[in-house]
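Student: I am new to this structure and would like to go through it step by step. May we start with the sheet?
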Amino acid sequence: MTVLNLKDKVKNNKLNLSGLNLTEIPVKEIVPLKVSHLDLSNNKISSTDNVFSQLPSLVKLDLSNNNLKSIAGDIGSLQKLAHLSLANNKIKDLPKGLSKLKQLKHLNLSNNPLKSELAEAIGSLNNAQSTAVNVIQYLKGDSKKQDDKQNKKKDKKNVKSTPNGVQNDKSKNKTKPKKKPAGFISTVFGFFGMLISYTLLIAVLSGLSVYALSYYDKKAYGNVKAKILPIWTSATANLDPQVASKVNYYLLQAGTSFDLAIQTSIEAAIKSYKWVKANPTVQQYAKNVQEGWVSLWDSVFKKVKST
């Protein structure tokens, strides 16, 4: 068949080569025609190798009623292909490239000895639309399974290549960075800062205890004061008189303020007690609140003990 004969068969960008007893696809003669529809049905074609990549403009392809046992993987290059008929052939499996056909809407695979797994995935072959969808989904899923198998094989090889079947994990072998020891100067400053903090804390607690003692036991307070004053006097004896007088002044002011604060809080507590005692409603409310707290704590401790 000559090129002129092929040109005569092209009508409206469609080429019909059906029933011509072709044993192979005349791709060299078809390429210059740039057809969108190609009918190769009812021939004796047994191979599609090195064909599809040269015919990217195809929208419809009919290869039904031939002797095809397989489809070439480069069918994925037919990005415009929407209709594909492979009915009445000897096809058992399909290439992964078929899953790349994003425009494929109709696929006819009827009367082919498809492998059982593929036939189950496709289901009914009567509907060309559902067949196209099911085949693409199957091929995508099958490619993922194969990739997973390959990754597992690689992992097994890596495990076998390492001694005792243990994988080399760089992250596990990494040692934690050691903390740099503190310098001498920072250590000294830290020690003195801690010493000053504890000294001030002891002084504050001692002052609180002494002033609290002054309200509960006057005699004991007098005895403590009599012992502390000589110590304080000897400690401030070496100070400059002006400095010592200022220190004593500020301490006296602080003591007076603290004394007033304690006295005010005690008076407020006494007034509150008298007010509660004079109001039965408030007493009942306070009792209810107290009982509520007791029951709450009892339930909490019971739960803790039970657990």
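Tutor: A definition comes first: two strands count as paired if DSSP finds at least two bridges between them. Please note also that this is a predicted model.

Student: In what order do the strands of the open sheet come?

Tutor: The order is β1-β2-β3-β4-β5-β6, six strands in an open sheet with mixed pairing. Strands β1 (10-11) and β6 (106-108) stand at the edges with a single partner strand each, so one side of each has no neighbour in the sheet.

Student: And in which sense do β4 and β5 pair?

Tutor: They pair in the parallel sense, over three bridges, β5 being residues 83-85. Within this pair, L61 stands opposite L84 of β5.

Student: What else does L61 touch, leaving out residues up to four places away in sequence?

Tutor: Its contacts are L38, L40, F52, L81, H83, L84 and S85. L61 is also among the residues with the most contacts inside the largest nonpolar core, which has 41 residues. Others in that group include L94 and L98.

Student: Which element gives the most to this core?

Tutor: That is α4, with five residues.

Student: Changing topic: where does D62 lie, and is it buried or exposed?

Tutor: D62 lies in strand β4, residues 60-62. D62 is buried and has no salt bridge; K60, the nearest side chain of opposite charge, is 6.7 Å away.

Student: Which side chain joins D62 in a polar contact?

Tutor: The side chain of S64 does, at 2.7 Å. Beyond four places in sequence, D62 is in contact with L38, D39, L40, S41 and S85.

Notes:
Residues numbered from 1 in each chain as written. Predicted model: local features only at pLDDT ≥ 70, side-chain atom pairs only at ≥ 80, totals over all residues. Heavy atoms only, no water. Helix = DSSP H or I, 4+ residues; strand = E, 2+ residues; numbered from the N terminus. Buried < 20%, exposed > 50% of the residue type's maximum accessible area, 1.4 Å probe, protein only. Lys, Arg positive; Asp, Glu negative; His and termini not counted. Salt bridge = Lys/Arg side-chain N within 4 Å of Asp/Glu carboxyl O. Polar contact = N/O pair within 3.5 Å; in protein donor to acceptor, adjacent residues only side chain to side chain. Contact = heavy atoms within 4.5 Å. Core = buried A, V, L, I, M, F, W, Y, C linked by side-chain atoms within 4.5 Å.
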